[in-house]
Amino acid sequence: MNLLIAAIAMIAVSGLPGALMNRRRSSGQFLAAMISTAGSICGLLAVGQWLAVGGQSDLRIAWSLVPGADFHVGLDGLSAAFLLPIFVIPALGSIYGLGYWRQSEHADNGRKLRLFYGLCAAGMAVLVVARNSVVFLFGWEVMALSAFVLVATEDDQPSVAEAGWVYLVATHAATLTLFGLFAALAALLGAFDLPADGGKLSPAAANAAFLLALVGFGFKAGIMPLHVWLPGAHANAPSHVSALMSGVLIKMGVYGLLRVFSFLPDPPLWWGGLLLALGVVSGVIGLAFAAAQRDFKRLLAYSSIENIGIISIATGLALLGRTTHRADWVVLGVGGAVWHVWNHALFKSLLFFCAGSVLHATETRDINQLGGLAKRTPLTAFCFLLGAVAVCGLPPLNGFVSEFLIYVGLFGTLGIPDGAGPSLPGAALAAPGLAFIGALAVACYATAFAGIFLGAPRSSRVEHAHEANWAMLVPMLLLVGCCVFVGLAPGVIAPALDPAIAAWTSAAPDGAALAAELKPLTEQVPLGWLSALGLALVALAAFGGAALAARLRPRFTSSSVTWGCGYLAPSARMQYTSTSFSEILTGLFRWALRPQIRRPRIDELFPHSASFETAVPDSVLESVVRPALRSLGQRILWFRVFQQGNVRVYLFYLFAALLLLLIWPY
Amino acid sequence: METAIHVLAVLGLPLLLRGVINKTKAAFAGRVGPPLLQPFYDVIRLVQKDSVISQTTGWVFRAGPVVSLATALLASLLLPFGRETAPVSFSGDVLLFVYLLALGRFFLAIASLDTGSAFEGMGVTRELTFSALAEPALFFGFLVMASLSRSLNLSEMLGESFGAQWQTGGASLVLVLVSWFIVLLAENSRIPFDDPNTHLELTMIHEVIVLDHSGPALAMILYGAAVKLLLFCAMIVQLLSPIDSGYVLVDAAVFVVETLVLAAIIGVIESTMARLRMPDVPRLLVTACVLSAFGIILLPR
């Protein structure tokens, strides 16, 4: 426990020494990466030691600032599971930043960025180990506000400032909901404890708590339609910040959901059903948006929404398991959700790192200006390809393993295996939804990879591109290694999930009976077969590759231009672009995406030059949220009377509020 | 013994199916047609040929055929042929089966896009979109089968004790059968989704994807596609076939005859139908999804 707190403290202050150093020198940056990495290693050691041998898992310091709320932190299976990505990704991100965001090139904002990068990671670690809601909210706000500074790193650009504002509004809405949730829980239960004793909650109060948690944490996780802040923030932040946000920060929403759901009593069927439905909608619509993007970082951001959808399907499955008292669904649901959190942290951070090196090399985020980059940046292309295979949930990489668990659980709702307990065939309908999500992901990522890295260069930016430097490549290759290892040896990883499943189940007021029935994950899914067949696939492909390579030696091949139906001078401009790749899909999902297409009207015999434009902005943000907020803003103009912009007036407000609170009890 | 027969079937049958389809089409057109074994000759000839490779391409272009063939072969080990258990069989193998085929599709798509050709871009876009629409139909069907057999194991879902399932869930199985047949035609680029014979790139889906591959790489793609055809045919045959003689060799022979008959039926459909207009393809696929979704509703409780 002490090691863990030391680790969190190290990560929190990692950017501080650098912030006090010369802005032109890079030594502060190295120092930050070193402290952050050292802190992360300490943290991983602490968590690993706790998982392996147990030990002290609780620390309580009497703290009288808020009545009833001590400074109370602790470790349980769920906290440990979410601490792992918090210790892996930020450390890799800070190493990546050495090459990607050099202090010498970003003298204005580099120090600020690193200060808040460490704070953000430390805030997440604090909220995950918090054992009462005041500490939790403290960590939550540190994380959320540091993330705002990180998103707005380059706030001199209008698009960045805009994304920052949208993020700030969304995160405040989320925090407000969470204040309401935890205040209500504290009022009803009389304590701020975090896995609270939910047995005393009435069904109505439990329903209200469920909905408040779903909205508050759903904002942060990016469940549709609460995802509005996510694409802009992920696209406009520096890439290692995007990796941190997409890989870890939005998972804090998932952690909150799992933590709060764990202690709510007697979940009715509709909780699980609602999460399944929201998950399928987030997945399918998220991918439809992703496929329609020209900006590859926005594409990755929408794909994060899809993955949150998959995680929310798994969470729904776990809740259904508690409702119907099926321990195997709980194991597969919580196990699938947490494992997918890990996997998504690995491959989405990898993809954002790759996106960063493409951006670094070409200075554009527009796929329609890229192409053929694999020849200039072969290692980045290789890493992106493996990340894309993993994010599509294809074997033999890690994404397939977590989706496999979720599928097995969903099929299980049909009553498989026989005689294990009640069935719930309606829930199984999420399985074809998940299959659709998987197939759309293949379509989206195959064309995105091809648009960026394959074919001929679509603009001169590619010609001057250069491979990423080693500070960027090492974290990427490490993540590739993790993805491959988890995919080929899932049986090694699975036991680390069992404590999380046990912690989630036994936190419930009636959880003891269910917790006694839990079986280890390795007994429920044939992970050995997955690794055997994964290795067989690798071997078969290697053999085939060698055979083909032997037949494709230069002696047997000649090269020519790409076949163009007899046209021998194809130019790069004739290639399909990312817009054309997504045209069919955008058409099929027109009702949700509302693409803006501006076609030229041609009504004369010899038309002048014309232009054609398409864009797919976020339809929820542009046609629902913005108009609603604008009209709300119009209606509460009178409130401006109180906004005097004068410090003395605000001090008076504070004084008046304090006075009021003092008088209140009498 | 069973495994040996299975492997022999995977090696021999796929190309024979193509031969049967072509022969049927020729018969309908009043031609003699190529010999039944022509696809074998084609593959052998292609393996011996040299290759022409586009200057735009890199290693991805070469990896595509390999991965698509490897995944198809590995997937074929998971599917039972006849009333026997498949060589590799475990709970949840159905998911690996579908996702292996998806991995092959992914790599074939990027290999094709490596050429930078707009034609191939068109083909890939269509193939990936249509496959995405076919995927739920496939899974609704698997849900029905899983629910009837109480198992997640392809060998139990499609292999053993089939008569009982037709008695309990006949109506659902008919719907799944129709839906899966549509998926078979779509996933294997047959008429009415795609015309494997046309040489007008704008109308093709699968054939245009492999336009730039030649020699041994094209042979791998052809063989991989034929294995995929066999797999989908085998799924339909497994769904339909009532015969369980108890003798391994008899069952194997019955399975071979049944798949060949199914190939002939595909040939008949290709000879008597026209290709759908491109915008109508998604509608037919959504119909397939709806049909198999109804299959779930009709399941006995």
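Look at helix α13 of chain A, residues 327–362, and helix α15 of chain A, residues 398–412. This is a predicted model, and in it the axes of these two helices come within 8 Å and cross at roughly 160 degrees. Angles over 145 degrees count as roughly antiparallel, so that is how α13(A) and α15(A) lie to each other. The crossing of α13(A) past α15(A) is left-handed.

Which residues make the contact between α13(A) and α15(A)? From α13(A) they include A:D328, A:W329, A:L332, A:W339, A:H340, A:N343 and A:F347. Glycines of α13(A) take part as well, namely A:G333, A:G335 and A:G336.

Now the whole chain. Chain A has 27 helices and five strands. Its radius of gyration is 26 Å, close to the 26 Å that the globule rule gives for 666 residues, so chain A is as compact as a globular protein of that length. Along the principal axes, the C-alpha atoms of chain A fill a box of roughly 90 × 70 × 55 Å.

How much of chain A counts as buried? The figure is 56% of the 666 residues. As for contacts in chain A with a separation of 6 or more, 80% are between residues 24 or more positions apart.

Terms used:
Residues are numbered from 1 along each chain as its sequence is written. Chains are lettered from A and ligands numbered from 1 in the order in which they are written. This is a predicted model: local features need pLDDT of at least 70, side-chain atom pairs count only at pLDDT 80 or more; totals for chains, interfaces and linings use all residues. Axes are lines fitted to C-alpha atoms, for helices over the stretch in contact, and angles run from 0 to 180 degrees between N-to-C directions. Helices (H or I, at least four residues) and strands (E, at least two) are DSSP runs, numbered from the N terminus. Angles under 35 degrees count as roughly parallel, over 145 as roughly antiparallel, 65 to 115 as roughly perpendicular and the rest as oblique. A crossing is left-handed if the near helix is turned anticlockwise from the far one by less than a right angle, and right-handed if clockwise. Two residues are in contact if their C-beta atoms, placed from the backbone, lie within 7 Å. The radius of gyration is taken over C-alpha atoms; the globule rule is 2.2 Å times the number of residues to the power 0.38. A residue is buried if 20 or more other C-beta atoms lie within 10 Å of its own, exposed if 12 or fewer, and partly exposed in between; C-beta atoms are placed from the backbone.
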